[in-house]
Amino acid sequence: MPVLDPVLVNEWHPVMFSSRLEDRPLQVELLGERVVVFRTSRGVHALKDLCIHRGVPLSLGKVRGDEIVCAYHGWTYDACGTCTLIPSLPRGTAIPSKAKTSSYRCQEAHGLVWVSLGEPDKDVPAIGTRGLLADYAQVFMGPYEVAAAGPRVVENFLDVSHLMYVHEGMLGDSEFSEINDYRVHETDGALRTDEIEVYQPDPDGRGVGVNTFYTYEIYHPMSVSLTKRIEGSDDVFHLYLFVTPQNEEKSIAFMIMERNYAFDEPDETFVSFQDILLEQDRLIVENQKPELLPLDLQAELHLKCDRLSIAYRKLLSRAGVSFGTA
Ligand code: FES
Ligand SMILES: [Fe+2]
């Protein structure tokens, strides 16, 4: 099902890591729409993935110069979606004015390609308030395809009391399940929590148990992060999550981790750890009912430790994100 949500239609969404987009066009699904993304000397571009001639996806074609050429009969479209060449037309014949496909806004930021299907009035969500930090090591994780609605995936990331159960032995220990009280503040347009203490047998895949202090941040309905401070050291770990709804039932999660320690550790240590955590979370989020996150706060039971989930649900309501259900 497409996501008929005017707020999300007018937002920017990441569709792939920039490194994946080379000289071949690629198809992505965004809010139920098939989109072709391609790179030319002028940057990255996104069009509706449909040739107006016979309905073939343009992503089966190729990039030539600054244009994209359909695989079937060679109709060629510029980055605005206007057909500039129909090879079978006799020379001098005008190209029909209806020979167009829709074009979408597209740009690169934070190592990702972003697309908006509508008219965004803001830029792509910031990474924190700082952007990626020059003196930190960054690791790109995912993309992870999850058969769950985007807000369920985001809320799972913001849920601190699942760490001791879903990720027991890694991010938590069920013997230490109590969550200290915390508040959620609004500063610089983002929601932030106080620190939440969590004992972790293995906080990042290197297998060293420590006490950590979590702070969560919500910048945008689909962009959130967590920061872990490691007790007794200056080590800091940030994990950013960007969730793109492919449609009502499926999402893609992009993660960027950055840290100011263990610079010699290979990326693979952290990526394979995150891959395991994601599979643990997948079992939960792909089975939650109802599939769409209930924004009516009476619909489920909440505890004090769920303050952040409540704040997230309120933020979605306030932003008018209906996910097509209103
Ligand atoms: S279907 Fe694309 S050129 Fe004919
Ligand atoms: Fe989790």
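**How the terms apply**

Me: What does V115 touch, and what makes these contacts?

Reply: Leaving out residues up to four places away in sequence, V115 touches H13, V15, L30, V35, V37, A46, Y104, R105 and C106. Two residues are in contact if their C-beta atoms, placed from the backbone, lie within 7 Å. This is a predicted model, in which local features need pLDDT of at least 70 and side-chain atom pairs count only at pLDDT 80 or more, while totals for chains, interfaces and linings use all residues. Residues are numbered from 1 along each chain as its sequence is written, and chains are lettered from A and ligands numbered from 1 in the order in which they are written.

Me: Why is Q246 called buried?

Reply: A residue counts as buried if 20 or more other C-beta atoms lie within 10 Å of its own, as exposed if 12 or fewer do, and as partly exposed in between, with C-beta atoms placed from the backbone. Q246 has 23 other C-beta atoms within 10 Å, so it is buried. Q246 lies in the loop between β17 (236-245) and β18 (251-259), and, not counting residues up to four places away in sequence, Q246 touches E29, L30, S251 and I252. In the protein, buried residues make up 34% of the 326 residues.

Me: Which residues touch the most other members of the largest nonpolar core?

Reply: A nonpolar core is a set of buried Ala, Val, Leu, Ile, Met, Phe, Trp, Tyr and Cys residues joined through C-beta atoms within 7 Å. The largest one has 71 residues, of which V37, V115, V154, L241 and M255 touch the most other members. This core draws at least three residues from each of domain 1 (6-116) and domain 2 (137-319), with bounds that come from an automatic or database domain assignment.

Me: How many residues of each domain are in contact with the other?

Reply: 13 residues of domain 1 are in contact with nine residues of domain 2. The elements that give two or more residues to the side of domain 1 that touches domain 2 are α1 (6-9), β1 and β2, and β1 gives the most, with four residues. Taken over C-alpha atoms, the centres of domain 1 and domain 2 are separated by 34 Å.

Me: Why are β1 and β2 said to stand at the edges of their sheet?

Reply: Helices (H or I, at least four residues) and strands (E, at least two) are DSSP runs numbered from the N terminus, and two strands pair if DSSP finds at least two bridges between them. Six strands form an open sheet in the order β1-β10-β9-β4-β3-β2, with antiparallel pairing. β1 (13-17) and β2 (26-30) each have a single partner strand, so one side of each is left without a neighbour in the sheet.

Me: How many bridges join β9 to β10?

Reply: Five bridges join β9 (residues 103-109) to β10 (residues 112-116), which run antiparallel, and the bridge partner of R105 in β10 is S116.

Me: Why does the radius of gyration agree with a compact globule?

Reply: The radius of gyration is taken over C-alpha atoms, and the globule rule is 2.2 Å times the number of residues to the power 0.38. With 326 residues, the rule gives a value near 20 Å for a compact globule, and the protein has 22 Å, so the two agree.
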